[in-house]
Amino acid sequence: MKTMGLVLEGGALRGQYTAGVLDAFLEAGVEFPYVIGVSAGASIGCSFVSKQHGRNKIIIERYRKDRRYLSWTNFLTTGSLFGMDFIFGDIPRTLVPFDYAAFESSPSRFVTVCTDCESGQAVYYEKEGEDPLMVLRASASMPFLSPMVEYKGRLLLDGALADSLPWAKARAEGFAQNVVVLTRPSGYRKTAPNPWPAKLVYRKFPKLIEAINHRWQQYNASLEAIETAEAGGDALVIRPSVDLNIGRTEKSVDKLNELYELGRTDGASALKDPRLT
């Protein structure tokens, strides 16, 4: 068990990069006392905590082209482009089972980031006392492409809207040094969105509108802070060493497997760092 925290960015199907990195860690027997993930980062990170090597790769290989996983049919019938009942129901319960017992008994703390739609603020859910699939579903529910998730009296959406790169949260929890897995290559920065879609779709949620339209600033500021920590030795940042130009809804399973293998390669390289040996 290392003394560093582990911070996992989202990015929908770009998360296959993270899956490769974490499988490289599992192969080396590396564990972390604190794991915090956003959206796809949380969905993939839970399999790391349960030590299910290759699980996320299997899911993509078997189901990426299944309309129940991702399709406009889903969007028209359920309001979500990704099939949330399938991804957070059928798959973990029966098709590619999630090891709940191993997850719950792991000594690692696991934190999932969601966004409260009323306040526009981040909500952090630990694994104890929560429904993990509901929390993961909420964290992965992208604005415009998924409905809000009601959970314990809150309306929730994608955690990235409020805290895309929760490195500061890990530090606030006492982890001065952290491994940060990003799904964008070096030099990436977000740009300002058109503010009107959020104003039209979420007009009853002014704080959520603010979070959506200012996410680019929050993301870039967090990334700059992480890069400063990286230069100072307080962050080990793992990011795609090659830009494969893969989007959030990539169709090609071959390209997603290539991204996964890139993650494994980059993860293995990171393991040479003295902080992880």
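Visitor: Buried means under 20% relative accessible area, exposed means over 50%, and partly exposed is in between. Where does Arg-109 fall, then?

Guide: Arg-109 has a relative accessible area of 28%, so it counts as partly exposed. Bear in mind that this is a predicted model.

Visitor: What does the Arg-109 side chain pair with?

Guide: Arg-109 forms a salt bridge with Glu-126, at 2.4 Å from N to O. Arg-109 sits in strand 3 (residues 109-116) and Glu-126 in strand 4 (residues 122-126), and the pair links parts of the chain 17 residues apart. Glu-126 is partly exposed because its relative accessibility is 25%.

Visitor: How many salt bridges are there in the whole structure?

Guide: The search finds 17. Another one joins the side chains of Lys-152 and Glu-130, at 2.9 Å from N to O.

Visitor: Where do Lys-152 and Glu-130 lie?

Guide: Lys-152 is in the loop between strand 5 and strand 6 (154-158), while Glu-130 is in the loop between strand 4 and helix 7, so the bridge ties together parts 22 residues apart in sequence. Lys-152 counts as exposed at 56% relative accessibility.

Visitor: What about Glu-227, which Arg does it bridge to?

Guide: Arg-189, with the closest N and O atoms 2.8 Å apart. Glu-227 belongs to helix 12 (residues 215-232) and Arg-189 to the loop between strand 7 and helix 10 (196-201), so parts 38 residues apart in sequence are tied together. Both partners are partly exposed: Glu-227 has a relative accessible area of 23%, and Arg-189 has 30%.

Visitor: Which residues make up the salt-bridge network with those two?

Guide: The network links Arg-189, Glu-224, Glu-227, Glu-230 and Arg-239.

Visitor: Switching to the inside. Which residues of the largest nonpolar core touch the most other members?

Guide: Leu-6, Phe-25, Phe-32, Tyr-69, Phe-82 and Val-179, out of 52 residues in that core. Elements that each supply at least two of its residues include strand 1 (5-8), helix 1 (15-28), helix 2 (40-49), strand 7 (178-181) and helix 13 (253-270). Helix 1 gives the most, with 6 residues.

Visitor: What does Leu-6 touch?

Guide: Setting aside neighbours within four places in sequence, Leu-6 has contacts that include Leu-22, Phe-25, Phe-32, Tyr-34, Phe-48 and Val-179. There is also another core, apart from the largest one, with 19 residues, among them Ala-160, Phe-175, Leu-182 and Tyr-219.

Visitor: Back to helix 1. Why is it called largely enclosed?

Guide: Because 12 of its 14 residues are buried.

Visitor: What is its span?

Guide: Helix 1 reaches 20 Å from its first C-alpha to its last, close to the 20 Å expected at 1.5 Å a residue. Just after helix 1, Gly-29 takes a positive phi of about 75 degrees.

Visitor: And how far does helix 5 span?

Guide: Helix 5 spans only 14 Å between its end C-alpha atoms, whereas a straight helix of 12 residues would span 16 Å at 1.5 Å a residue. Its buried residues are Met-84, Phe-86, Ile-87, Phe-88, Gly-89, Ile-91 and Pro-92, and these pack against helix 2, helix 3, helix 6 (100-105) and helix 7.

Visitor: Last one: where is Lys-2?

Guide: Lys-2 is in the segment before strand 1. Leaving out neighbours within four places in sequence, Lys-2 is in contact with Val-30, Glu-31, Phe-32, Pro-33, Arg-275, Leu-276 and Thr-277. The C-alpha atoms of Lys-2 and Tyr-34 are separated by 9.4 Å, with the two residues 32 apart along the chain.

Key:
Residues are numbered from 1 along each chain as its sequence is written. This is a predicted model: local features need pLDDT of at least 70, side-chain atom pairs count only at pLDDT 80 or more; totals for chains, interfaces and linings use all residues. Side-chain values use heavy atoms; hydrogens and water are left out. A nonpolar core is a set of buried Ala, Val, Leu, Ile, Met, Phe, Trp, Tyr and Cys residues joined through side-chain atoms within 4.5 Å. Buried means under 20% relative accessible area, exposed over 50%, partly exposed in between (1.4 Å probe, protein chains only). Helices (H or I, at least four residues) and strands (E, at least two) are DSSP runs, numbered from the N terminus. Contact means heavy atoms within 4.5 Å. The expected span of a helix is 1.5 Å times one less than its number of residues. A salt bridge is a side-chain nitrogen of Lys or Arg within 4 Å of a carboxyl oxygen of Asp or Glu.
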